[in-house]
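I opened the notebook to look up a ligand site first. After that I went through single residues in both chains.

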Amino acid sequence: MSSIVCKDLCKTFQQGEEIITGLDHVSIEIEAGDFVCLSGPSGSGKTTLLNAMGGLDTPDSGQIQVGDTRVDQLGKGPLADMRLHKIGFVFQAYNLIPVLTARENVEFVMQVRGEPAQERSHRSHDILKEVGLEGMEDRRPAQLSGGQQQRVAVARAIVSQPALVLADEPTANLDSVTATQLMDLFVELNQHHNITFVIATHDTRVMAYAKRLIKMRDGKIISDEKQQHPSTVVS
Amino acid sequence: MSGLPLKAILMLAWRNLWRNHRRTLIMLAAITVGVWAMIFMTALMRGMVDDMLLNGIRGLPGEVQIHHPDYRDDPNVNNSMPAPHDALLSAMRVPEVTAWTSRVRVPAVISSERDSRGVVLLGVEPQSEVKVSFDLETIIEGRFLEDSSDRGLVIGAKMADRLETDLGKRVVVMSQDPDNNIADRGFRIVGVYKAKLASLEETYIYGGRETVQKMLKLGNSVSEVAISGGDYRNVDRWLGGIQQAAGNDVETLPWYEIDTYLGSMLAMMDGFVLVWIIIVFLALSFGLVNTLVMAVFERVREIGLMQALGMRPSTILYQILMESLLLLLIGLALGNAIAVGTIIPLQGGIDISVVAEGMEMMGTSSMLYPALKLNDMILANLIVIILGLLTSILPAWRAASYNPIEALNKT
Ligand SMILES: Nc1ncnc2c1ncn2[C@@H]1O[C@H](COP(=O)(O)OP(=O)(O)O)[C@@H](O)[C@H]1O
Ligand SMILES: [Mg+2]
């Protein structure tokens with residue numbers, strides 16, 4: 001079963017007089033449980049594609065299906081619900097709510113979903129420990145380093161084990177040790193919980209982990225290959 | 001509402017509120033001062049109007065009056081009514097009625113050897129009259145009447161001046177009897193009073209009821225029965241019983257129908273309070289909207305983030321409104337507390353004699369007693385909350401309608 005099916009996606013942006021191509025007839029199918037890297041130079045359309053898959057931005061034309069849901073046909077409210085219940089997001093830059101502590105940020109989405117308090121605190125504690133933030137649960141984002149903030153964001157994205165995690169440059173602000181730890185965590189979640197990962201990155205360390213590596217340029221997919229021996233964690 | 005329970009929304013709203021201490025404190029101060037101004041000024045205005053009304057009613061006097069149906073159009077001696085009968089007497093014995101009196105009240109001319117003046121001659125029962133209207137402390141010379149057969153006359157100080165007469169001197173009072181004959185009688189001036197309002201001193205002269213009845217050949221008849229219940233606002237509670245007992249041969253009216261000017265003044269005051277509260281609120285609302293717009297503007301990215309994570313726009317709207325509500329409630333609590341705290345010490349009265357000179361014509365006296373009314377406070381609070389939330393909808397709506405991607409990428 002395919003987790004994501006995109007057909008003929010086009011998206012342009014208008015910037016003043018100029019019309020910029022974000023996506024140029026992109027078609028792609030991603031299997032459930034896959035671990036996909038979108039790579040390519042800055043401006044190649046990775047974020048635009050990720051946003052379209054996540055229902056954050058509507059393409060000008062084309063179809064997107066996530067699970068059984070036609071994302072391109074949903075209204076604002078149902079889209080919000082789909083993001084809430086099915087997808088874990090890690091954004092490129094601004095990821096955390098500044099007035100909430102690390103733990104509260106992780107619990108926030110669970111809270112919006114209406115999960116019981118005990119479950120929330122239990123799971124947020126475990127997941128923060130898993131991303132290596134034990135003892136920092138009660139710090140606010142401003143009291144955390146960039147890498148730590150990113151790990152909180154990852155913890156939030158995976159805490160409820162969504163079917164799909166969309167991560168945009170998750171290692172951009174991380175040193176290589178932390179980046180490796182994070183990728184190991186992703187791989188483990190992918191293997192043991194069958195969570196589908198789609199990661200946009202131009203970080204070669206990340207690409208090494210991908211089961212499938214898609215290269216983009218100027219809004220088009222220029223190559224798409226399965227990797228035989230992705231880096232894996234021994235668990 | 002999708003998701004976030006009230007507790008979490010309150011917590012978010014509270015923390016966001018204190019993110020910018022300075023702005024929140026300034027806004028709180030503005031709301032507090034605004035609410036204080038609403039309540040404090042309203043209490044002062046109420047106090048002033050209360051005073052005018054009370055003086056006006058005092059000049060009537062009696063909050064409910066019973067007359068011959070034609071008396072008010074033509075207050076002559078023919079339009080008299082019989083003394084209160086048993087049914088009326090027992091109706092006036094209810095606890096709400098604190099005092100009543102009956103009097104003869106006719107136009108007359110008073111003459112000294114120097115001058116004559118048109119006046120209103122009141123034939124009163126001194127014991128009950130002092131409970132309904134006459135303030136014994138206003139007697140500055142001599143005494144008030146002793147009983148209803150007292151043969152003396154009490155006049156105002158201004159009137160004594162005009163007539164160039166004095167305590168102990170004799171004057172002649174002239175009016176008409178029911179047969180349209182001249183009825184006159186000599187009186188000795190036994191007392192001089194000084195009214196709060198100078199014009200009253202020149203209008204009313206007081207004689208004993210029986211003496212005046214004899215002079216006018218009225219028998220037992222009187223011009224009016226005046227009834228007082230203490231609080232002029234609550235007249236309607238006991239008016240009905242009196243009206244029923246008095247019967248249809250007479251006209252039983254509350255003060256606001258007898259003096260429609262006073263009645264409309266009270267109504268106007270209610271409107272005025274509302275307008276004042278709204279004006280203060282309008283001044284406030286600019287600050288409130290500005291605060292919220294700024295607060296929302298500063299948070300564009302996290303609002304985008306919340307939406308991107310799956311928080312519905314309605315929840316965002318709800319959250320911003322809650323923030324505004326918190327701010328309003330704290331401001332209201334402080335404003336109310338300070339208003340009550342500043343009004344209570346002034347309840348003994350504020351001496352405004354310096355500025356009161358010119359205002360006496362309007363019927364105010366030289367002490368101002370602020371009147372804190374629960375209804376006014378409730379009105380002010382409701383207006384601030386309801387209009388406050390309404391004005392907050394705009395910035396909140398703006399926040400809720402952000403496109404999450406654009407909001408997230410704002411720098
Ligand atoms: N909101 C926008 N307005 C204008 N141009 C945009 C917008 N978002 C993306 N673009 C443009 O679309 C192209 C693809 O951008 P993006 O998907 O962010 O690339 P990547 O994530 O691969 O760096 C770029 O040329 C970028 O400048
Ligand atoms: Mg990007």
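Which strands and which helix of chain A each supply at least two residues of the shell around ligand 1? I found strand E1 (2-15), strand E2 (18-31) and helix H1 (46-53). Helices here are DSSP runs of H or I with at least four residues, strands are runs of E with at least two, and both are numbered from the N terminus.

Ground rules noted. The model is predicted, so I kept in mind that local features need pLDDT of at least 70, that side-chain atom pairs count only at pLDDT 80 or more, and that totals for chains, interfaces and linings use all residues. Residues are numbered from 1 along each chain as its sequence is written, chains are lettered from A and ligands numbered from 1 in the order in which they are written, and side-chain values use heavy atoms, with hydrogens and water left out.

**Entry: ligand 1**

I listed the shell, where near means a heavy atom within 4 Å of the molecule. From E1 and E2 to H1, the residues around ligand 1 are Phe13(A), Gln15(A), Ile20(A), Thr21(A), Pro41(A), Ser42(A), Gly43(A), Ser44(A), Gly45(A), Lys46(A), Thr47(A) and Thr48(A). H1(A) gives the most, with three residues.

I then sorted the shell by class. It has three nonpolar, eight polar and one charged residues. The classes run as follows: Ala, Val, Leu, Ile, Met, Phe, Trp, Tyr, Cys and Pro are nonpolar, Asp, Glu, Lys and Arg are charged, and the others, Gly among them, are polar.

Next I looked up backbone distances to the ligand. A polar backbone atom of Gly43(A) is 2.7 Å from an oxygen atom of ligand 1. For Gly45(A), the distance from a polar backbone atom to a ligand oxygen is 3.1 Å. For Lys46(A), a backbone N or O atom lies 2.9 Å from an oxygen atom of ligand 1. The protein covers 69% of the 560 Å² of accessible area that ligand 1 has on its own. That area comes from the Shrake-Rupley method with a 1.4 Å probe.

I went back to strand E1 of chain A, where Ser3(A) is found. Is Ser3(A) buried or exposed? Ser3(A) is buried, because its relative accessible area is 8%. My cut-offs are under 20% for buried, over 50% for exposed and partly exposed in between, with a 1.4 Å probe and protein chains only. Ser3(A) and Asp68(A) are 65 residues apart along the chain, and their C-alpha atoms are separated by 8.4 Å.

Ala155(A) sits in helix H5 (residues 146-158) of chain A. It counts as buried, at 0% relative accessibility. Its C-alpha atom is 9.9 Å from that of Arg123(A), 32 residues apart along the chain.

**Entry: positive phi in chain A**

Most residues other than glycine have a negative phi. Gln161(A) is not a glycine, yet it has a positive phi of about 45°. It lies in the loop between H5 and strand E7 (164-168) of chain A. Gln161(A) is partly exposed, with a relative accessible area of 42%.

Glu169(A) has a positive phi of about 50° and is not a glycine either. Its loop runs between E7 and helix H6 (176-193) of chain A. Glu169(A) is buried, at 7% relative accessible area.

**Entry: chain B**

Why is helix H11 (residues 300-309) of chain B largely enclosed by the rest of the structure? Nine of its 10 residues are buried, so the structure encloses most of it. Among the buried ones I noted Val300(B), Glu302(B), Met306(B) and Leu309(B). Just after H11(B), Gly310(B) takes a positive phi of about 115°.

His67(B) lies in strand E1 (residues 64-67) of chain B. It is buried, with a relative accessible area of 3%. A polar contact of 3.4 Å joins its side chain to that of Gln65(B). Such a contact is a pair of N or O atoms within 3.5 Å; within protein, one must be able to donate a hydrogen and the other to accept it, and residues adjacent in sequence count only if both atoms are side-chain atoms.

Ser133(B) is in the loop between helix H4 (126-132) and strand E4 (139-142) of chain B. It is buried at 9% relative accessible area. Its side chain makes a polar contact of 2.6 Å with the side chain of Glu129(B).
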